[in-house]
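Hi,

Here is the structure I promised to pass on. Please have a look, then read my notes below.

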Amino acid sequence: MMTKQKNNSINNLHKYLKYVQNSTNSILSQLYTNNNKFMNAINYSLINSGKKYRPFLLWASGTSLGVNEEQCFKVGAALEMIHTYSLIHDDLPSMDNDSSRHGKPSLHKEYGENIAILAGDGILTDAFEFLSNDNNIMTPNISLKIINTISSYLGSSGMVFGQALEMFSNSSYKLTLEDIRNIHYLKTAKFMEVAVLLGGVLSNAPLEIKNKLILFGKNIGLAFQVCDDIEDFADDNHKVNICNFIPITTLKKEIENLVEEAVATLKTSNNDFDKLISFANFLKSNIHQ
Ligand code: GRG
């Protein structure tokens, strides 16, 4: 049974999530204002859709460490652009071949495969322009560190590599459990890790704090992907899914352990990371529904 205190913190979390979603959508909609077919395609996937969890994680981490919100929202919006490109490309026929996303046709179904590829390429590239532009609210040194950190987590030895490993699964090579664990880490957990870590980079936090943020991000990222696999398994058990290897009851216990470890990591810090802790507990609460 959920305690009243936990219920309150999850209610507050929903308010915070709404606040970050609105702030992020407002920044993103100012970036893509031209009224042409390509901008419409970008807006279709980027704005007013998606839960904006990564901008939330960055904001929660950064504001707990004294970073001003404007900076958190700017970097969070760039993360959302990169996240959205990954979803658009993941949905393509040559990747996961998904015909819907966010309760509507996926971008290639609505605008064609060529435009979907280009929209993904465009917003990925724009994210780095946005992070490095002249009217920057961050010092050049911090901007450079942010860009370097994001690229090292999400490029060809991070998120993109995770996706490539998944693509190696075919009729002659079946992924092992170890492969799947690795894919979960690279494809999903690294993104959560970097979102949480960037609050530490923006605040120039000591290494000890950054390491705690990294460990927290990794554990909630792994828990998030296992939750996602459990949810997907009900719809389609043919895709790459950890539920084909481990019983769901065992996986639910694993999610609880990952969240507990994540929370314990931040509780040993002198900073007040309550918003991140509420997010972790919210992930755990989903498995009991
Ligand atoms: C570079 C093509 C390419 C892919 C990278 C991130 C990724 C790999 C693929 C996206 C598909 C996927 C199932 C990723 C696993 C992580 C995950 C569950 C993403 C969805 O995140 P949410 O639920 O997304 O936060 P919303 O829709 O809310 O934005």
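Start with Tyr44. It is buried, with a relative accessible area of 16% (buried means under 20%, exposed over 50%, partly exposed in between, with a 1.4 Å probe and protein chains only). Before going on, note that this is a predicted model: local features need pLDDT of at least 70, side-chain atom pairs count only at pLDDT 80 or more, and totals for chains, interfaces and linings use all residues. Residues are numbered from 1 along each chain as its sequence is written, and side-chain values use heavy atoms, without hydrogens and water.

Tyr53 and Phe224 form an edge-to-face aromatic pair, with 5.9 Å between centres and 80 degrees between planes. (Rings of Phe, Tyr and Trp, the last by its six-membered ring, pair if their centres lie within 6.5 Å; planes under 30 degrees apart are stacked, over 60 edge-to-face, the rest tilted.) Tyr53 lies in helix H3 (residues 53-64) and Phe224 in helix H10, so the pair ties together parts 171 residues apart in sequence. (Helices are DSSP runs of H or I, at least four residues, numbered from the N terminus.) Both residues, Tyr53 and Phe224, are buried. They also belong to one aromatic cluster, whose members include Trp59, Phe73 and Phe282.

The structure holds 10 aromatic pairs. In another, the ring centres of Tyr44 and Tyr111 are 5.8 Å apart and the planes at 70 degrees, so this pair is edge-to-face too.

Two charges sit over rings. Arg54 lies over the face of Phe191, 5.4 Å from the ring centre. Lys218 has its charged end over the ring of Tyr185, 5.0 Å from the centre. (The test: NZ of Lys or CZ of Arg within 6 Å of the ring centre and within 35 degrees of the ring normal.)

Best wishes

Methods:
Helices (H or I, at least four residues) and strands (E, at least two) are DSSP runs, numbered from the N terminus.
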